[in-house]
Amino acid sequence: MRSDVLQKALSENGEAVIYALDATALVQESMERLSAFPPATKHLGQAMMAALLLQALNDSDESESLSLQWMCEGPFGHLYSEARNFGEVRGTIREPQAAVADYDTKLGPGLLQVRRYKGSRGTTSIVNSHGDVSIDIVEYLEQSEQKNCGVNFSVVVDWADETKTKFKVRAALAYLVHIMPQPTEQKLNDALLRWNRQMESLGAISRWHLREEEITADMLRLITGEPEPRIVMTQRVTFACNCNVDRALRALALLEAQEAKESAPGSQSAAPTQIRCEYCGKTYTIDKAAPARKKPAAAKKPAAKKKRKK
């Protein structure tokens, strides 16, 4: 099964729920839309996959939106990802072309903010960030959701061809292991130790031997150690942005209001303005001279005719 797909399996002994994700194509698309360099793409891809895994972990039939925002002081600036509608995801990073020449540079110290929305209801959690997506996600799950989980993210970027003029995401893979509550504390500790050893023995995902058409299924086989793991969910995932001209107009209005406070009266230009979506790169051209779009007025009911007395 090729990207982009998310699969969920239950371990044979019922101790754990495992999620395996192949997001190679959607991370490639996001990298191209933002013209991101490989070091930034690594963090961006990990954040997008983290949003998808956390949304799936909630295991609800009701559509949920989930956003992750890293407010960090490193060279990449703030990092944001959002998952919604059962498998749609988008992400952005403040400095997609940060002057970083390695893959080891972290996001830097700061905060991770996690927001979950179901309809009109929402919750917000904030944890300290270590500048590492995997560490921060595990810490959030432990502190805010009281869930014992292990995660692993891998984004491999290489040259697309021998001319070395374009980058390509060779693989964007991730998994999450959720250890279920156990009858006793001793059994929980035993399960945690057993799965931790299993994850450590597997090493980096980039070194796994995975068949191209069975990537997530092979990941589940390796993680569980079972030849035929019990797969209970298969879900397509995709890059999707919900930007539109109305959102662009609102963004422009906020920008103009801020500029009006900082500039002299009458200094604003009436020339068309371009608003570029920071997630998908789409550009909206707003003509300030054109009349603002108005909602059509509701049709008025004709007035009742008065009856004349004879």
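L44 is found in helix α2, which spans residues 38-57; helices (H or I, at least four residues) and strands (E, at least two) are DSSP runs, numbered from the N terminus. The structure is a predicted model, in which local features need pLDDT of at least 70 and side-chain atom pairs count only at pLDDT 80 or more, while totals for chains, interfaces and linings use all residues. Residues are numbered from 1 along each chain as its sequence is written, and side-chain values use heavy atoms, with hydrogens and water left out.

With a relative accessible area of 1%, L44 is buried, a term that means under 20% relative accessible area with a 1.4 Å probe and protein chains only. Not counting residues up to four places away in sequence, L44 touches S30, L34, L79, G91, T92 and I93, where contact means heavy atoms within 4.5 Å. The C-alpha atoms of L44 and V155 are separated by 9.3 Å, although these residues lie 111 residues apart along the chain.

Over the whole protein, the secondary structure comes to six helices and 13 strands, and 43% of the 310 residues count as buried.

Terms used. Buried means under 20% relative accessible area, exposed over 50%, partly exposed in between (1.4 Å probe, protein chains only).
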